[in-house]
Amino acid sequence: MINIFEVKETNDMVEKENLDVRTITMGISLLDCIDSDLDRLNEKIYNKITTLAKDLVKTGEYIEAEYGIPIVNKRISVTPIALVGGSACKSADDFVTIAKTLDRARAAVGASFIGGYSALVSKGMTKADELLIRSLPKALAQTELMCSSVNLGSTKTGINMDAVKLMGEIIKETAELTKEKDSFGCTKLVVFCNAPDDNPFMAGAFHGVTEADSIINVGVSGPGVVKCALEKVRGESFEVLCETIKKTAFKVTRVGQLVAKEASRLLNVPFGIVDLSLAPTPAIGDSVADILCEIGLERAGAPGTTAALALLNDQVKKGGLMASSYVGGLSGAFIPVSEDQGMIDAVREGALTLEKLEAMTCVCSVGLDMIAIPGDTKATTISGIIADELAIGMINQKTTAVRIIPVVGKKVGDEAEFGGLLGYAPIMPVNSFSCDAFVNRGGRIPAPVHSFKN
Amino acid sequence: MKKAIITVVGKDTVGIIAKVCTYLAEQTINILDISQTIVDGYFNMMMVVDIAALTADFQTVSNSLAKLGEDIGVIIKIQREDIFNQMHRI
């Protein structure tokens with residue numbers, strides 16, 4: 001039987017160490033809503049989402065109460081809209097109507113976010129893909145909590161540099177249209193290489209075409225729990241360090257597995273995956289950077305950071321894999337800047353640069369995340385940053401992403417405020433040398449060789 | 001049988017167990033096991049209870065226990081046992 005110390009350990013994790021389930025995300029396929037009439041398409045999308053997800057929030061709250069574990073967000077992801085809207089949308093503005101429908105359906109069921117206003121263009125863009133991408137600035141400015149993602153490359157196909165170039169311009173335009181709120185629109189837009197089909201986390205969640213009609217995916221959190229566990233093994237060897245992270249990750253993930261199974265049972269929707277993630281928030285004591293410091297660094301970004309992050313990420317996976325029957329999504333430590341107080345402090349003190357963050361993304365999920373840069377950064381420079389990050393994903397057969405915010409009217413030394421889980425970020429300096437000629441070449445970077453791995 | 005865990009944490013005082021047990025009896029919640037200890041100077045009590053015969057809904061009981069805790073000056077929580085089994089047993 002469970003003893004009092006085990007009960008206390010679990011409850012301390014929740015009450016003192018910020019253990020929570022970050023999200024229950026319901027994936028919904030909209031493929032059966034496809035229609036050539038735009039109004040009918042919008043109506044079908046609204047009806048399907050509000051029917052399938054009507055009990056999502058209530059169920060989440062019920063599980064929270066029964067088990068005493070906070071579930072921070074209840075989210076929805078849908079089939080990439082470029083596929084769904086292709087036959088009905090003749091212009092970018094037509095796509096914007098779908099964006100508004102998604103956000104309206106989300107609000108109707110009370111979900112925290114809806115994702116899937118997306119296009120998958122890793123090799124080429126269809127007319128619909130391009131229209132959706134061109135609709136992004138308006139769609140993101142005119143909706144509240146709808147997220148968007150674009151997959152620009154993969155290990156199998158290489159990188160679509162035409163789309164990378166376009167996305168540099170689109171990100172700038174999105175920043176411009178939401179400049180009153182520190183270019184907030186860009187916080188809801190992420191570009192990927194090797195985007196997963198079953199990611200429960202925003203902004204990148206979409207319901208892949210390989211998935212069932214609807215599915216429950218769960219993302220766990222718990223940087224604070226790992227940090228507190230590591231406080232007890234200060235000065236011990238790497239062996240002890242790694243064992244401690246593994247055991248803690250196991251416990252955290254077990255909670256995710258329980259919540260996922262219970263949500264799946266109550267909603268009568270199949271269980272998809274648990275995403276084994278260390279997802280920080282701006283709250284004190286909920287930081288991945290603080291774990292790196294606990295491992296032995298003065299600040300995130302100091303020499304040793306990439307190695308520390310690599311071992312952290314690997315142990316989280318090793319501990320978590322056994323705790324869940326199905327693992328998927330992004331699965332790894334997240335290193336967003338604005339959403340992690342320790343990262344913000346490291347940037348402010350000059351310990352952490354964009355280049356070091358790029359190196360860190362080689363060994364963890366996901367990529368350059370929630371990074372604020374000067375508003376006058378050129379579109380081609382943003383495309384260059386994206387190309388670099390995607391190349392890491394392409395060559396290393398992993399997911400990488402870029403969610404970068406060129407904050408209009410702000411420069412290095414200023415700070416951007418996004419609010420809530422998205423936090424705030426110091427504006428980071430960007431290498432000012434040009435990559436115009438590189439980005440403007442046009443075409444694709446070919447898929448890499450899959451052998452000779454050195 | 002449907003098991004839940006009730007935890008009481010706070011400053012020790014006269015009658016905590018009596019008050020909690022009286023409420024549980026009113027709700028037809030059967031107590032299977034009680035253990036208590038002092039951690040970091042605080043009174044920690046854990047009860048394993050059977051809520052199979054419970055007529056009220058879980059949320060109501062949870063709220064009432066929290067309220068009872070406020071009156072006594074301790075924190076009282078009730079949670080389904082599964083979360084602890086999941087985390088601490090393979």
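Two residues are in contact here if their C-beta atoms, placed from the backbone, lie within 7 Å. By that rule Val259(A) touches Val21(A), Ile24(A), Ile63(A), Ile69(A), Ile71(A) and Val218(A), not counting residues up to four places away in sequence. Welcome to a predicted model, in which local features need pLDDT of at least 70, side-chain atom pairs count only at pLDDT 80 or more, and totals for chains, interfaces and linings use all residues. Residues are numbered from 1 along each chain as its sequence is written, while chains are lettered from A and ligands numbered from 1 in the order in which they are written.

**The nonpolar core**

- A nonpolar core is a set of buried Ala, Val, Leu, Ile, Met, Phe, Trp, Tyr and Cys residues joined through C-beta atoms within 7 Å. A residue is buried if 20 or more other C-beta atoms lie within 10 Å of its own.
- The largest such core has 174 residues, and Val259(A) is one of those that touch the most other members, along with Leu152(A), Met167(A), Ile216(A), Leu292(A), Ile371(A) and Ile404(A).
- Helix α9 (residues 238–267) of chain A gives the most to this core, with 11 residues. Helices (H or I, at least four residues) and strands (E, at least two) are DSSP runs, numbered from the N terminus.
- Because domain 1 (27–193) and domain 2 (217–439) of chain A both give residues to this core, it lies between them. The domain bounds come from an automatic or database domain assignment.

**Strand β1 and its partners**

- Strand β1 (residues 21–28) of chain A is mostly covered, with eight of its eight residues buried.
- Two strands pair if DSSP finds at least two bridges between them. β1(A) pairs with strand β7 (residues 214–220) of chain A in the antiparallel sense over seven bridges, and Thr25(A) stands opposite Asn217(A) in β7(A).
- β1(A) also runs parallel to strand β2 (residues 71–78) of chain A, joined by seven bridges. There, Ile28(A) has Val78(A) as its bridge partner.

**Helix α12**

- Helix α12 (residues 341–348) of chain A is largely enclosed by the rest of the structure, because six of its eight residues are buried.
- Its buried residues include Met343(A), Ile344(A) and Val347(A), and their cover includes α10 (288–295) and β14 (424–426) of chain A.
- Just after α12(A), Gly350(A) takes a positive phi of about 80 degrees.

**Where chains A and B meet**

- The contact takes 18 residues from chain A and 23 residues from chain B.
- On the side of chain B that touches chain A, α3(B) gives the most, with seven residues.

Key
A residue is buried if 20 or more other C-beta atoms lie within 10 Å of its own, exposed if 12 or fewer, and partly exposed in between; C-beta atoms are placed from the backbone.
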